[in-house]
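Dear colleague,

I am handing over to you the structure shown below. Please read the notes after it with the sequence and the model at hand.

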Amino acid sequence: MNHHGIHHVTAIAGNARRNVEFYTRTLGLRLVKKTVNFDDPGTYHFYYGDEVGSPGTILTFFPWDHVAPGRLGVGETQETAFRVPEGAIGYWTHRFIEKGVAYQPIVRRFGETVLSFKDPHGMRLALVGVPGIESEPGWTNGEVPAEVAIRGFHGVNLLLQEAAPTGAILTDVLGFTEIGREGSLVRFKAEGTQIGGIVDIHEAGGFLPARMGGGSVHHIAFRAADDAAEAAMVKKLVENHGIRTTEQKDRNYFRSVYFREPGHVLFEIATDIPGFAADEPVAHLGEALKLPSFLEPRRAQIEAVLPQIDLSDAA
Ligand code: ZN
């Protein structure tokens, strides 16, 4: 079994309710965990993914009301792309028109159909039509039919000054191989990984540095099977690249280290274990506010400051 590729992508949103509404209704993802930012417990941390929150399907948000919009620049994630069956692109184009979602004309990239769009807080997203994935299980909550549903991440596109230094980390440490070039893009693929297996580096010298804000990706997390695999990657980062990570942090659903890669994007390495069913059954993922044990004693205060996100009365 292969454990490489993207584990999750974490981004910054504005209003929490608007965020939940867009990802669960317009995009039809499952809210697999409703918790708080462990480092800032007055802020929600939402995780969206497939039915069980498989690594490679998880997009997470810190929603901050009144956050200033981010500014695209060098040293950040330019676009985060999901996989859909190739034949579903027409459905999604119609859905975006119907729902008033801002989208770009369809383009071809590395031979694939790409429909770029933005979420309500300016996050740059895309759907990539992938042939032959119709038979992969799709999850539905009744908003988007299972046959056209999102099947996890396709990958991310990083806007960087130069591709080589970051490419070296992807290939030597994170299990990727360079598989192609097109214009100013260099494509890397995680060996044997279908979901979340792509990182494109968009080499663009001369851009202003990014300014993080609403719609910006905060970090990209890559997969490690377990603690031993993560420790081996940390060792390689230090020994081969002189990069030190943070100490390991327990995120309840995975265990993580963080580091700034040479192109200035914040990278995380996250274990596949224990997963999102660690503290609630799969059938009820995302329904209750879950807190790590160290925050449980403060539950009443935390719940009092978090905004209400009940969607039952939403149009
Ligand atoms: Zn993370």
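The notes below cover salt bridges, aromatic pairs and cavities, in that order.

The model is predicted, so local features need pLDDT of at least 70 and side-chain atom pairs count only at pLDDT 80 or more, while totals for chains, interfaces and linings use all residues. Residues are numbered from 1 along each chain as its sequence is written, and side-chain values use heavy atoms, with hydrogens and water left out.

Salt bridges

A salt bridge is a side-chain nitrogen of Lys or Arg within 4 Å of a carboxyl oxygen of Asp or Glu. A search of the whole structure gives 18 of them. In one, the side chains of Lys-33 and Glu-280 meet at 2.8 Å, N to O. Lys-33 belongs to strand E2 (residues 30–37) and Glu-280 to the loop between E16 and H5, so this pair ties together parts 247 residues apart in sequence. Helices (H or I, at least four residues) and strands (E, at least two) are DSSP runs, numbered from the N terminus. Lys-33 is buried, with a relative accessible area of 0%, and Glu-280 is buried as well, at 8%. Here buried means under 20% relative accessible area, exposed over 50%, and partly exposed in between (1.4 Å probe, protein chains only).

Arg-95 and Glu-143 form another salt bridge, with their closest N and O atoms 4.0 Å apart. Arg-95 lies in helix H2 (residues 89–99) and Glu-143 in the loop between E8 and E9, so the pair ties together parts that are 48 residues apart in sequence. Arg-95 counts as buried at 7% relative accessibility, whereas Glu-143 counts as partly exposed at 29%. Through shared partners, salt bridges join Arg-25, Arg-95 and Glu-143 into one network.

Aromatic pairs

The whole structure holds 21 aromatic pairs. Rings of Phe, Tyr and Trp (its six-membered ring) pair if their centres lie within 6.5 Å; planes under 30 degrees apart count as stacked, over 60 as edge-to-face and the rest as tilted. The rings of Tyr-47 and Tyr-253 have centres 6.2 Å apart and planes at 75°, so they are edge-to-face. Tyr-47 lies in strand E3 (residues 40–49) and Tyr-253 in the loop between strand E14 (249–250) and strand E15 (255–260), so parts 206 residues apart in sequence are tied together. Tyr-253 also forms a stacked pair with Phe-276, at 5.3 Å centre to centre and 20° between the planes. Both Tyr-253 and Phe-276 are buried.

Cavities

On a 1 Å grid over the protein atoms alone, a cavity is a set of points where a 1.4 Å probe fits but cannot get out, and lining residues have an atom within 4 Å of a point. Grid points are joined across faces, edges and corners, and a volume is the space filled by probe spheres set on the points.

The structure holds two cavities of 30 Å³ or more. Of its 13 lining residues, Glu-79, Ala-81, Arg-109, His-154 and Asp-200 are the closest to its centre. Strand E9 supplies the largest share of this lining, four residues.

The second largest cavity has a volume of about 30 Å³. Its lining consists of Leu-29, Gly-49, Asp-50, Thr-57, Phe-82, Ile-150, Arg-151 and Gly-152.

With kind regards

Methods. On a 1 Å grid over the protein atoms alone, a cavity is a set of points where a 1.4 Å probe fits but cannot get out, and a pocket is an open set with protein on both sides within 12 Å along at least five of seven lines; lining residues have an atom within 4 Å of a point.
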